[in-house]
Amino acid sequence: MSIKIDGNDKRIGLALSGGGFRAAAFHLGVFRQLKALGLLWKIDLLTCVSGGSIAGAFLATHWGDDSVLDKLDSYLQNTSIAVSSVIGGIFDPFSSRLDKLAETYERDLFGQSTLDALKGGPRLYLNATNLATGNMFFFVTGGNESVEMGEWELGTSSAAHFKISKAVAASSAFPPVFPPLRIDQADYPAAGVDYVTLTDGGVYDNLGVNPLLRKRNALDYVIVSDAGKPFDMDDHPTESSTVVLTESIGILMEQVRGLQFKRLELSANEGGPKPLWFSINSDKGESQSGDAVFASSIKTHLKRLNTAEMGVLTRHAGALLMHRLENYTPELLNLDE
């Protein structure tokens, strides 16, 4: 799936941030722009978090099929899953809210498919957070390589028969709305623990940068599509102890976000992949004045988006991507045949 520049094969990785359905729609705009440029089906690696996992896993499930873009568009405009999952989990004594979330993904997006079904597509990382160790926990498939789940400290094991819907649910289990996903030793035989619990990948890193910098993935270009909640200055900061907790999480996530962008820059300076990134609140390259402000104001929940929201999110993402390509990696716009 690599591209050719000056006769040499080059590999592209794409990171899709968290941010609920807003992020999924923003990433859809990236997909559409890449498709228009002839680059979408040449992506070698996808690394996804939360809402990005919804978009990335659905794309990988229909890899090479242009109609997947319209299908994802329709899903995001016609589906609200958070409320039904929460209510269903409350009234069903045999299922948790997270079980209900996974069931909606299974019903509407992935069916009974398991991770090994994606082995022939691009390398795909669906990232969650391990509450036992504080590490990024990944489900990885594609690239005609091994299908695994795990993390660097506890190790990895086969995930060939793990359902895609369940992996995406773990990646998008935003606390406290959804409880963590428990994986017992029978499915993940990690040394020294009976089970692990996984929560939203955005708790560890809402951008999903780590796989982009792994030497074994040998990428030449990395694109980071950031549709997470930008941290805004507040002229009237809260005095509520409850709200302070929420704001504190936002501050921590903003710090991680900044550090990950710096890692990309430092890696490139040391001979690593050439990076380009764009965030939803950026007006540098926006197609229409006000797109950045409007797109950033859309909530990061799992509720359906209206036509205006979808239009701005996809347009804005495509415009930001095009601006970065033209200014930082123009060679990607002039590929060898």
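How many residues of helix α2 (residues 51-61) are buried? Select the helix and look. The model is predicted. In helix α2, 10 of the 11 residues are buried, so the helix is mostly covered, with under 20% relative accessible area as the cut-off for buried. Click through the buried ones: G51, G52, S53, I54, A55, G56, A57, F58, L59 and A60.

**Stop 1: the cores**

Y105 belongs to the largest nonpolar core, which has 80 residues. Along with F31 and F139, Y105 has the most contacts inside that core. Which helix gives the most to this core? Select residues 20-36: helix α1 contributes nine residues, the most. There is also a second, separate core of 14 residues. Among its members are M136, L219, V222 and F261.

**Stop 2: R32 on helix α1**

Go back to helix α1 and pick R32, which lies in it. Is R32 buried, exposed or partly exposed? Its relative accessibility is 30%, so R32 counts as partly exposed. Show its contacts: R32 touches L69, D70 and D73. Then select D66. R32 and D66 are 34 residues apart along the chain, and their C-alpha atoms are separated by 9.4 Å.

**Stop 3: the aromatic rings**

Next, show the aromatic side chains. The whole structure holds nine aromatic pairs.

Move on to Y125 and F138. Here the centres are 5.8 Å apart and the planes are at 70°, so this pair is edge-to-face. Y125 sits in strand β5 (residues 123-130) and F138 in strand β6 (residues 136-141), so the pair ties together parts 13 residues apart in sequence. Y125 is buried, at 1% relative accessible area. F138 is buried too, at 8%.

Now select F137, F139, F162 and Y188 together: they form one aromatic cluster.

**Last stop: a charge over a ring**

Finish with R182 and Y195. What sits over the ring of Y195? It is the charged end of R182, 3.7 Å from the ring centre.

Conventions: Residues numbered from 1 in each chain as written. Heavy atoms only, no water. Core = buried A, V, L, I, M, F, W, Y, C linked by side-chain atoms within 4.5 Å. Buried < 20%, exposed > 50% of the residue type's maximum accessible area, 1.4 Å probe, protein only. Helix = DSSP H or I, 4+ residues; strand = E, 2+ residues; numbered from the N terminus. Contact = heavy atoms within 4.5 Å. Phe/Tyr/Trp six-rings, centres within 6.5 Å; stacked < 30°, edge-to-face > 60°. Lys NZ or Arg CZ within 6 Å of the ring centre and 35° of its normal. Lists of a residue's contacts leave out its neighbours within four places in sequence.
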